[in-house]
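Here are my notes on this chain, point by point. Please read them beside the model.

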Amino acid sequence: MPINPANNAAPGPPRIVILGAGFGGLFAARRMARLNAQVTVIDRQNYHLFQPLLYQVAGAALAPSDVAWPIRGLLKRQKNTRVVMAEVQGIDHQRREVLTGNGRFRYDYLVVATGAQTSYFGHPEWSQYAYDIKSLGDATAIREQILGAMEQAELCELESERQRLLTFIIIGGGPTGVEMAGIVAELGNSTANSDFRQLNSGEFHVILVEGTDRLLGVYPEKISAYTSHALQDLGVEVCTGQLVKEISPDGVLLSDGSKLDGTVIWCAGVMPTPAAAWLDAPRERDGRIPVTGELRLENQPGVFVIGDLAWCPDQNGRPLPGVAPVAKQQGRYIARLLSNELSGRPVPGPFKYRDYGMLATIGRGRAVSNFGRFSSKGWLTWWFWGLTHIYFLIARQMRLLVALKWLLEYLTFQRSSRLIISQNPKGQK
């Protein structure tokens, strides 16, 4: 039986429990290294995932180990911090304990940073027939599906079946969908002709479906237009203004009545994790939990909610987006707030998000950016995108490795991680 931390805890420094080692939780924990507190980080995985590059794993450009690092390794120098791998089952607010499958963990302060999960907009049954792109397992499954479909198509003589195997339908025209469509198209273009004898890149069909009238809706219209043209140059069929009505074993049914058959990759929506139910707090329409200016729960001042789970308004009253920069800044803010509070100093003012802009890559040599009034596109933006993502990699030792991999792929047009691990690649999920 595991030791029950709550029942065996001795009086001492305040206990801070952080749920989730994503960007918000990890950045909060790292800034608490010098606190006179017992910090416990609980996550169901033993690694931190750099989600902005997940699609690179799905497209065989990077290996899983390039975008994920052990949490214990990242926090090993922090003597006041303990890492626990456990599945959270609930929270006992009266006893101030986190309930997990490995025991109870008592807290004085609780930071909930469990992120988001895929939303199928009220149709959870669609998940049976579509691939998500939220976890390392999802990205690896997509990579193996693409490569496995190409292997099957190499041996397939029935034209209709070859067409189905080599058709990839990306749902969602936001940054994730655009990046996924670009990398899948490039994988087909670079691999079909060079590595296979019975395939050619003309058979590889990537379709990007977006429900609104343009891609990258949060970017200026000229950037959306450039993105659409750039994807079309890669061979991607862009379908805007089309809602998904149904996903089934027969394929995808769109709002105009057309049907698409192939591998479906869902990049359209997210929703909060079950942590919202654990906290027994009011929620907004999107499922996120409203927080105060200090990122606390209204009636539980010792509980903080950050990242994708928090409904936190900006200066104009609009909720902040569920993106990595928001979670990072909120994590740092919580660490500073608790440092001041525990030492008796005045706490900082309400959290204010500094928007440093957005970046998205479309494919080899093409990317877009938006920095408020300034936006850019093209080759130089693509290099800036690469340098920015390398700089923000959590594990410093991985920066050089990832940079060298990208440079090699740029020079040779070869993907370094084209491995199929599963023994039975599927033609359709």
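1. R30 sits in helix α2, residues 23–30. Helices here are DSSP runs of H or I with at least four residues, strands are runs of E with at least two, and both are numbered from the N terminus. R30 is partly exposed, at 34% relative accessible area. Buried means under 20%, exposed over 50%, and partly exposed in between (1.4 Å probe, protein chains only).

2. The model is predicted: local features need pLDDT of at least 70, side-chain atom pairs count only at pLDDT 80 or more, and totals for chains, interfaces and linings use all residues. Numbering runs from 1 along each chain as its sequence is written, and side-chain values use heavy atoms, with hydrogens and water left out.

3. Patch residues have over 30% relative accessible area and no salt bridge; like charges are joined within 9 Å, nonpolar side chains (Val, Leu, Ile, Met, Phe, Trp, Tyr) within 5 Å. A salt bridge is a Lys or Arg side-chain nitrogen within 4 Å of an Asp or Glu carboxyl oxygen.

4. W379, L380, W383, L400, L404 and L407 make a nonpolar surface patch of about 650 Å². Helices α11 (379–391) and α12 (396–412) each supply at least two of its residues. W383 belongs to α11 and is partly exposed, at 34% relative accessible area.

5. Overall, the chain has 12 helices and 25 strands. Its C-alpha trace spans about 70 × 55 × 45 Å along the principal axes. Of the 429 residues, 53% are buried.

Definitions and conventions:
Areas by Shrake-Rupley, 256 points an atom, 1.4 Å probe, with all protein chains shown as cover.
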